[in-house]
Amino acid sequence: MHTTTAEQTAALPGRSADRVRILIERFAALTEPGKGPGITRLAYSPLERSAHAEFTAYMEELGLQVSTDAAGNTIAELPGSDPRLPALGTGSHLDSVPNGGAFDGIAGVVAAMEVARTLVGQPIPTRHTIRFVAFAAEEGARFGQACTGSRIVAGLTGPKDLPGLMDGDGVSVADAMRAINIDPQGISDAVWDENDWAGFIELHIEQGSVLTDAGLPVGVVDLISGSTRIRIDITGRASHTGGTPMHLRADALAASAQIVLAAEGLAKDSRHHGTRITVGKLDVHPGSITTIPGHCQLHVDVRDVDNDRQRFSTSELIAAAHEIAAHRGVGISVEVLADASPVVLPVTIRNAITASAASLGLEYRVMPSGASHDTQMINHVCPGGMIFVPSRNHGVSHSPDELTDFEDLAVGIELLTASLVHLDASSPSTSDN
Ligand code: GLV
Ligand code: MN
Ligand code: MN
C-alpha cells in the first residue's frame with residue numbers, strides 16, 4: 001500500500017532528524033533516469049513539478065492552504081491570528097543542477113515542511129500568517145539565469161526578459177514553461193506585494209567547509225555574492241589535423257584554453273582577491289579527433305561579494321579574451337547571459353536569528369554566502385535572512401557528493417523555527433499603529 005510522506009513522517013513524532021531524512025530521500029528519488037550519478041531535476045522540468053506536487057500534498061495533509069503561482073512557485077499558508085499583519089515566510093527551491101546533490105535547496109524546503117508541522121501542532125497560532133515557499137527554477141544551470149522563480153515574484157524578471165534565456169538543447173525558458181502549463185506571458189501575476197510581507201528566512205546548506213572546519217552548528221548570512229554570467233564564442237578555422245601545419249592554424253580550442261587560464265589568473269590576482277571566476281562549460285565544435293576545433297563556446301561565471309569588483313573583473317576578463325583572440329587570429333563575440341548584484345542582508349532579521357541562536361545555546365558564525373539564493377531576490381520585497389547548516393565532505397556542492405548530516409539539519413530547523421517565532425512575537429502589533 002502506498003503511504004504518503006506525511007503519513008510516514010507522522011509515524012516518527014519525536015525525531016526531527018528522522019523525519020527530515022525521509023523527506024530528503026523522497027525528493028532524492030525524483031531524478032532524471034539514466035542521467036548519471038546524483039540528482040538531475042532541472043528548472044522548469046516535469047520532474048521539478050513532481051517535487052512541487054510532493055510538497056503540495058504534504059502541506060495539504062497538514063491542513064494548509066496551498067497554491068502554485070503564475071511562475072510555478074508553490075506557496076502553503078498557515079493563517080495567523082491577526083489577519084492585518086503582513087506574512088512571514090520561509091522556504092527555498094526544489095530544482096537541482098545536472099548531477100547535483102540531495103540537499104541544495106531541498107534542505108530549506110524540507111525545513112519549511114518541518115517548521116509547518118511544528119507550528120500546526122501548537123495550541124496558540126502565530127500572530128502573523130506564515131507562508132512556506134518552494135521556489136521554482138532557482139538554479140541557473142539550465143537557462144543561465146539563477147533564481148528565476150524568486151526574481152519573478154520580486155518583479156526583477158518579467159515576460160520581456162524571457163527571450164534569450166535558452167538551455168543547452170536550444171529550448172527557451174518560455175517553451176519550457178509552456179510544456180509544464182505555465183503561461184510565460186502571465187508570470188507577472190506572481191509578483192508579491194511588499195505590504196503583504198514582513199520578512200523571510202531561508203535555511204540552506206553552506207556549500208563550503210567553514211562551519212565544519214570551525215566545528216560550528218550554524219551560520220548566519222550577512223552578505224550574498226553577486227554573479228555575472230557571460231558566454232564567449234571563439235571562431236577559428238576547422239581544418240585537417242594532419243594536413244594543416246602548426247603555424248597556419250586558427251585553433252578555437254587553443255585560444256579558449258588560454259582564456260580559461262587567463263580567467264583563473266585574473267581571479268587569483270591579489271587585486272581581485274575574493275573574486276571567483278569559473279569556466280564551467282566549454283563546447284568544442286566539431287568535436288572530432290581529426291579536425292582542428294573551428295568553434296568553441298565558453299560559459300563563464302564571475303562571482304563576488306563586492307559589486308564594483310564583480311563588474312570590473314568581468315570587464316578585465318572580456319578585455320583579456322579579446323586580446324588573446326586578436327593575438328591568435330580567431331574571432332570573438334561576448335554576450336552577457338545574466339547579471340545579479342551582491343546583496344547585504346538587513347541586520348533586523350540577522351539579529352532575530354542570532355538572538356534565537358543564543359537562546360538555544362547555539363554557537364554561530366556570521367558569514368557571507370558565495371552561492372546565489374532566492375533570498376537575494378526576496379530581499380527586494382521584504383527583509384530577508386539566511387541560516388546555514390554545515391556541509392560535510394569538504395563542503396562540496398553541486399555534486400553527488402554533497403552531504404549534510406540529518407542531525408545538523410534538525411538543529412538548523414530548530415533555529416529557523418525559533419527565529420520565525422521570535423520575529424512573530426517581536427513585530428509591532430496592528431493596534432500600536
Ligand atoms: C545556485 O546554486 C548558485 O549557482 O549559486
Ligand atoms: Mn540552492
Ligand atoms: Mn545550487
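1. His398 has a relative accessible area of 39% and is therefore partly exposed, whereas Glu139, at 7%, counts as buried. Buried means under 20% relative accessible area, exposed over 50%, and partly exposed in between (1.4 Å probe, protein chains only).

2. The model is predicted: local features need pLDDT of at least 70, side-chain atom pairs count only at pLDDT 80 or more, and totals for chains, interfaces and linings use all residues. Residues are numbered from 1 along each chain as its sequence is written, chains are lettered from A and ligands numbered from 1 in the order written, and side-chain values use heavy atoms, with hydrogens and water left out.

3. The manganese ion (ligand 3) is coordinated at 2.0 to 2.7 Å by Asp104 (OD), Glu139 (OE), Glu139 (OE) and His398 (NE2). Donors are N, O and S atoms within 2.8 Å of the metal (3.2 Å for Na, K and Ca); water is not among the atoms, so sites may look incomplete. The spacing of the donor residues in sequence is D-x34-E-x258-H.

4. Asp104 coordinates both the manganese ion (ligand 3) and the manganese ion (ligand 2), which are 3.6 Å apart.

5. Glu139 lies in the loop between strand 4 (130-135) and helix 5 (148-153), and His398 in the loop between strand 15 (384-389) and helix 12 (406-426), so the pair ties together parts 259 residues apart in sequence. Helices (H or I, at least four residues) and strands (E, at least two) are DSSP runs, numbered from the N terminus.
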